[in-house]
Amino acid sequence: MTLSTEEVKTVTLQQQQRRIFIKGTLAGGAVLAAAGLGLPRLAMAAWPADAFHAATLDDALTKVFGSSALEASDKVVLKAPGIAENGAVVPISINAEQLENVESISIFSEKNPTPFVARFNLKPGCVPDISTRVKMGESGDVIAVVQAGGKLYSARTNVKVTVGGCGG
């Protein structure tokens, strides 16, 4: 079978268009993949890794907030069970709706090997009310720290853990 000159030009043009399409698709995929791989790093930029390795409450507070000075406030409502049968899943809720301009809510467990448990950064307009479950290694105080208007407000309560959540 012999192709005419016109048919050869058509086949060659189709092959070139296919190659351009494949190159464009691969280049676009590479750009999207590179952008996708960079996103977790951007999200982790504000991750307070040092605070999660701090061995004491004061050290963890300093690494998270730059200070360990807290102002106890009844405007921070911390709810936790007095007795937690399972330290692996202690329900905690924190409400700071009485405070204005709440920027973050953090949770610390004083007796855990690493006291810093969690931090929730809130966007303006968010209702500062969170509920979660935390792991506690042994009985001790749970401290909620609310950052609002450049100040640190706190509430604490004692939780007796009957079976530790950190292997104890």
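## Salt bridges

A salt bridge is a side-chain nitrogen of Lys or Arg within 4 Å of a carboxyl oxygen of Asp or Glu. This is a predicted model. It holds three salt bridges.

## The pair at Arg 156 and Glu 110

Arg 156 and Glu 110 form one of them, with their closest N and O atoms 3.6 Å apart. Arg 156 sits in strand S9, residues 151-161. Glu 110 sits in the loop between strand S5 (102-109) and strand S6 (116-121). The two are 46 residues apart in sequence, so the bridge ties together separate parts of the chain.

How accessible is Arg 156? Its relative accessibility is 46%, which counts as partly exposed. Glu 110 is also partly exposed, with a relative accessible area of 32%.

Arg 156 has another partner. It forms a salt bridge with Asp 141, where the closest N and O atoms are 2.9 Å apart. This pair, too, links distant parts of the chain. Arg 156 is in strand S9 and Asp 141 is in strand S8 (residues 140-148), 15 residues apart.

Is Asp 141 buried or exposed? Its relative accessibility is 16%, so Asp 141 counts as buried, the cut-off being under 20%. Taken together, Glu 110, Asp 141 and Arg 156 are linked in a network of salt bridges.

## A bridge within a helix

Asp 59 pairs with Lys 63 in a salt bridge, and their closest N and O atoms are 3.5 Å apart. Both residues belong to helix H3, residues 57-65. They are four residues apart, about one turn of the helix.

Asp 59 is partly exposed, at 29% relative accessible area. Lys 63 is partly exposed as well, at 41% relative accessibility.

## The nonpolar cores

The largest nonpolar core has 23 residues. Which of them touch the most other members? They are Val 76, Ile 92, Ile 94, Leu 99, Val 102 and Val 146. Strands S4 (90-95), S5, S7 (129-134), S8 and S9 each give two or more residues to this core.

Now look at Ile 92. Neighbours within four places in sequence are left aside here.

Notes
Residues are numbered from 1 along each chain as its sequence is written. This is a predicted model: local features need pLDDT of at least 70, side-chain atom pairs count only at pLDDT 80 or more; totals for chains, interfaces and linings use all residues. Side-chain values use heavy atoms; hydrogens and water are left out. Buried means under 20% relative accessible area, exposed over 50%, partly exposed in between (1.4 Å probe, protein chains only). A nonpolar core is a set of buried Ala, Val, Leu, Ile, Met, Phe, Trp, Tyr and Cys residues joined through side-chain atoms within 4.5 Å. Contact means heavy atoms within 4.5 Å.
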